[in-house]
Amino acid sequence: MRRWTVLPAALVLAATTALPAAAAGFVEPATRCQIGWGSPAEGRSTGQAPELRGIRSGEHPCFDRLVFEAPGSSPANPVGYHVRYTDALLQDASGHPLPVRGSAVLEVIVDAPAYDRQTMAPTIPARSGQPLPGVDLTGYRTFQDTVFGASHEGRTQIGLGLHTRLPYRILQLDNRLVIDVAHTANGTEQG
(Lines give C-alpha, C1' and ligand atoms only; values in the text may rest on other atoms or scores of the structure.)
Protein backbone atom coordinates (compact mmCIF):
# COMPACT_ATOMS: atom_id res chain seq x y z
CA MET A 1 0.00 0.00 0.00
CA ARG A 2 1.40 3.36 -1.01
CA ARG A 3 1.14 6.37 1.18
CA TRP A 4 0.81 9.78 -0.38
CA THR A 5 2.07 12.90 1.27
CA VAL A 6 0.20 16.08 0.57
CA LEU A 7 2.52 19.07 0.33
CA PRO A 8 1.42 22.69 0.52
CA ALA A 9 1.09 24.26 -2.94
CA ALA A 10 3.69 26.93 -2.13
CA LEU A 11 6.29 24.24 -1.37
CA VAL A 12 5.55 22.39 -4.61
CA LEU A 13 5.79 25.62 -6.59
CA ALA A 14 9.11 26.55 -4.94
CA ALA A 15 10.54 23.09 -5.63
CA THR A 16 9.58 23.12 -9.30
CA THR A 17 10.71 26.69 -10.02
CA ALA A 18 13.98 26.67 -8.09
CA LEU A 19 15.89 24.83 -10.83
CA PRO A 20 16.88 26.66 -14.00
CA ALA A 21 15.30 25.24 -17.15
CA ALA A 22 18.61 23.76 -18.40
CA ALA A 23 19.18 21.96 -15.07
CA ALA A 24 15.73 20.44 -15.26
CA GLY A 25 16.58 19.03 -18.70
CA PHE A 26 14.44 21.55 -20.58
CA VAL A 27 16.01 23.54 -23.40
CA GLU A 28 14.01 26.53 -24.55
CA PRO A 29 13.42 26.37 -28.30
CA ALA A 30 14.91 29.02 -30.58
CA THR A 31 12.68 32.01 -31.27
CA ARG A 32 11.63 32.18 -34.89
CA CYS A 33 11.66 35.76 -36.11
CA GLN A 34 9.85 36.56 -39.32
CA ILE A 35 12.56 38.79 -40.79
CA GLY A 36 12.19 39.24 -44.52
CA TRP A 37 14.10 42.50 -44.64
CA GLY A 38 17.08 43.41 -46.78
CA SER A 39 19.90 45.91 -46.43
CA PRO A 40 20.03 47.93 -49.62
CA ALA A 41 20.51 51.70 -49.54
CA GLU A 42 17.02 53.08 -49.05
CA GLY A 43 15.58 56.56 -49.16
CA ARG A 44 12.54 58.73 -49.59
CA SER A 45 12.42 62.48 -50.02
CA THR A 46 9.50 64.53 -48.79
CA GLY A 47 8.56 68.14 -48.26
CA GLN A 48 9.50 70.07 -45.17
CA ALA A 49 9.29 67.76 -42.15
CA PRO A 50 8.74 68.84 -38.56
CA GLU A 51 11.72 69.24 -36.26
CA LEU A 52 13.14 66.22 -34.43
CA ARG A 53 12.25 66.34 -30.76
CA GLY A 54 14.03 63.23 -29.57
CA ILE A 55 15.98 60.13 -30.53
CA ARG A 56 15.67 56.95 -28.48
CA SER A 57 16.42 53.26 -28.77
CA GLY A 58 14.73 50.02 -27.79
CA GLU A 59 15.40 46.30 -27.65
CA HIS A 60 13.02 43.70 -29.04
CA PRO A 61 13.26 39.89 -29.18
CA CYS A 62 14.26 39.90 -32.88
CA PHE A 63 15.78 43.36 -33.49
CA ASP A 64 17.15 46.58 -32.02
CA ARG A 65 15.24 49.80 -32.75
CA LEU A 66 16.21 53.45 -33.22
CA VAL A 67 13.33 55.95 -33.08
CA PHE A 68 13.38 59.52 -34.39
CA GLU A 69 10.57 61.50 -32.75
CA ALA A 70 9.09 64.03 -35.18
CA PRO A 71 5.73 65.31 -33.87
CA GLY A 72 3.34 66.06 -36.71
CA SER A 73 4.71 63.36 -39.01
CA SER A 74 2.61 60.37 -40.03
CA PRO A 75 2.34 57.85 -42.86
CA ALA A 76 0.33 60.53 -44.72
CA ASN A 77 2.92 63.23 -43.86
CA PRO A 78 6.15 61.19 -43.70
CA VAL A 79 9.67 62.19 -42.77
CA GLY A 80 12.19 61.78 -45.59
CA TYR A 81 15.28 59.69 -44.99
CA HIS A 82 18.35 58.13 -46.60
CA VAL A 83 19.82 55.00 -44.98
CA ARG A 84 22.81 52.99 -46.19
CA TYR A 85 25.76 50.95 -45.02
CA THR A 86 29.05 52.80 -45.37
CA ASP A 87 32.71 52.01 -44.74
CA ALA A 88 33.16 55.26 -42.78
CA LEU A 89 30.87 57.97 -41.42
CA LEU A 90 31.82 61.27 -43.07
CA GLN A 91 30.25 64.31 -41.45
CA ASP A 92 27.57 65.79 -43.67
CA ALA A 93 28.81 68.98 -45.39
CA SER A 94 32.40 69.00 -44.01
CA GLY A 95 33.38 65.46 -45.03
CA HIS A 96 35.38 64.98 -41.80
CA PRO A 97 35.54 61.30 -40.74
CA LEU A 98 33.75 60.53 -37.47
CA PRO A 99 34.71 57.38 -35.54
CA VAL A 100 31.88 54.91 -34.90
CA ARG A 101 32.38 51.72 -32.87
CA GLY A 102 31.26 48.49 -34.52
CA SER A 103 32.08 46.21 -37.43
CA ALA A 104 29.47 47.92 -39.62
CA VAL A 105 28.22 51.49 -39.87
CA LEU A 106 24.71 52.38 -40.92
CA GLU A 107 24.48 56.03 -41.98
CA VAL A 108 21.08 57.56 -41.32
CA ILE A 109 20.11 60.94 -42.71
CA VAL A 110 16.69 62.18 -41.65
CA ASP A 111 15.11 65.06 -43.56
CA ALA A 112 14.23 66.87 -40.34
CA PRO A 113 16.39 69.28 -38.35
CA ALA A 114 17.54 68.76 -34.77
CA TYR A 115 16.95 72.46 -34.15
CA ASP A 116 13.98 74.82 -34.07
CA ARG A 117 13.63 76.44 -37.50
CA GLN A 118 12.46 79.75 -35.99
CA THR A 119 15.02 80.24 -33.21
CA MET A 120 17.78 77.87 -34.44
CA ALA A 121 17.96 76.53 -30.84
CA PRO A 122 18.79 72.79 -30.64
CA THR A 123 15.85 70.46 -30.09
CA ILE A 124 18.29 67.61 -29.40
CA PRO A 125 21.35 68.57 -27.33
CA ALA A 126 23.79 66.59 -29.47
CA ARG A 127 27.35 67.40 -30.52
CA SER A 128 29.09 66.33 -33.69
CA GLY A 129 31.22 63.21 -33.25
CA GLN A 130 29.66 62.41 -29.85
CA PRO A 131 27.24 59.65 -28.79
CA LEU A 132 23.56 60.57 -28.92
CA PRO A 133 22.53 62.03 -25.55
CA GLY A 134 20.23 59.79 -23.55
CA VAL A 135 20.69 56.74 -25.81
CA ASP A 136 22.22 53.91 -23.74
CA LEU A 137 23.01 50.80 -25.78
CA THR A 138 24.37 48.70 -22.92
CA GLY A 139 23.38 45.07 -23.45
CA TYR A 140 22.01 45.50 -26.95
CA ARG A 141 22.52 42.56 -29.33
CA THR A 142 23.02 44.50 -32.59
CA PHE A 143 23.58 48.18 -31.76
CA GLN A 144 27.03 49.11 -30.47
CA ASP A 145 27.28 52.88 -30.93
CA THR A 146 25.40 55.99 -32.02
CA VAL A 147 27.28 59.06 -33.22
CA PHE A 148 25.75 62.42 -34.03
CA GLY A 149 27.07 63.67 -37.36
CA ALA A 150 25.45 67.03 -38.05
CA SER A 151 22.17 68.86 -38.43
CA HIS A 152 21.98 71.64 -41.00
CA GLU A 153 19.84 72.73 -43.92
CA GLY A 154 16.91 70.76 -42.51
CA ARG A 155 18.71 67.38 -42.37
CA THR A 156 20.13 65.39 -39.44
CA GLN A 157 22.87 62.77 -39.80
CA ILE A 158 23.48 59.86 -37.40
CA GLY A 159 26.02 57.04 -37.54
CA LEU A 160 24.76 53.76 -36.09
CA GLY A 161 27.53 51.30 -35.19
CA LEU A 162 26.48 47.66 -35.46
CA HIS A 163 27.92 44.29 -34.48
CA THR A 164 27.88 43.29 -38.18
CA ARG A 165 25.95 44.11 -41.37
CA LEU A 166 22.42 42.87 -40.84
CA PRO A 167 19.02 43.33 -42.50
CA TYR A 168 17.03 46.42 -41.54
CA ARG A 169 13.64 47.98 -42.15
CA ILE A 170 12.30 51.51 -41.95
CA LEU A 171 8.81 52.36 -40.69
CA GLN A 172 6.93 55.66 -40.65
CA LEU A 173 4.52 55.73 -37.73
CA ASP A 174 2.54 58.60 -36.25
CA ASN A 175 5.02 61.17 -34.89
CA ARG A 176 8.11 59.01 -35.49
CA LEU A 177 10.44 57.41 -37.98
CA VAL A 178 11.68 53.97 -36.92
CA ILE A 179 14.72 51.94 -37.98
CA ASP A 180 14.83 48.28 -36.92
CA VAL A 181 18.00 46.22 -37.38
CA ALA A 182 17.68 42.42 -37.05
CA HIS A 183 19.74 40.48 -34.51
CA THR A 184 20.67 37.81 -37.06
CA ALA A 185 20.78 37.50 -40.82
CA ASN A 186 18.58 34.38 -40.97
CA GLY A 187 15.90 35.42 -38.49
CA THR A 188 16.50 32.69 -35.89
CA GLU A 189 17.28 33.69 -32.31
CA GLN A 190 18.76 31.33 -29.77
CA GLY A 191 16.50 30.77 -26.78
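Okay, quick definition before I start: a residue is buried under 20% relative accessible area, exposed over 50%, and partly exposed in between. Keep in mind that this is a predicted model.

So, salt bridges. How many does a search of the whole structure find? Ten. I'll walk you through a few.

Let's begin with Asp87 and Arg165, whose side chains meet at 3.9 Å, N to O. That pair links distant parts of the chain, 78 residues apart. Asp87 is in the loop between strands S5 and S6, and Arg165 is in the loop between S10 and S11. Buried or exposed, then, for Asp87? Exposed, with a relative accessible area of 75%. Arg165 comes out at 48%, so we call that one partly exposed.

Next up, Asp145 and Arg101. Here the closest N and O atoms are 3.7 Å apart. Again we're linking distant parts of the chain, 44 residues apart: Asp145 is in strand S9, and Arg101 is in the loop between S7 and S8. Now look at the two ends of this bridge. Arg101, at 52%, counts as exposed.

Last one: Asp116 with Arg53, at 3.9 Å between the closest N and O atoms. These two are 63 residues apart, with Asp116 in the loop between S8 and S9 and Arg53 in the loop between S2 and S3. Arg53 is partly exposed at 44%.

Definitions and conventions:
Residues numbered from 1 in each chain as written. Predicted model: local features only at pLDDT ≥ 70, side-chain atom pairs only at ≥ 80, totals over all residues. Heavy atoms only, no water. Salt bridge = Lys/Arg side-chain N within 4 Å of Asp/Glu carboxyl O. Helix = DSSP H or I, 4+ residues; strand = E, 2+ residues; numbered from the N terminus. Buried < 20%, exposed > 50% of the residue type's maximum accessible area, 1.4 Å probe, protein only.
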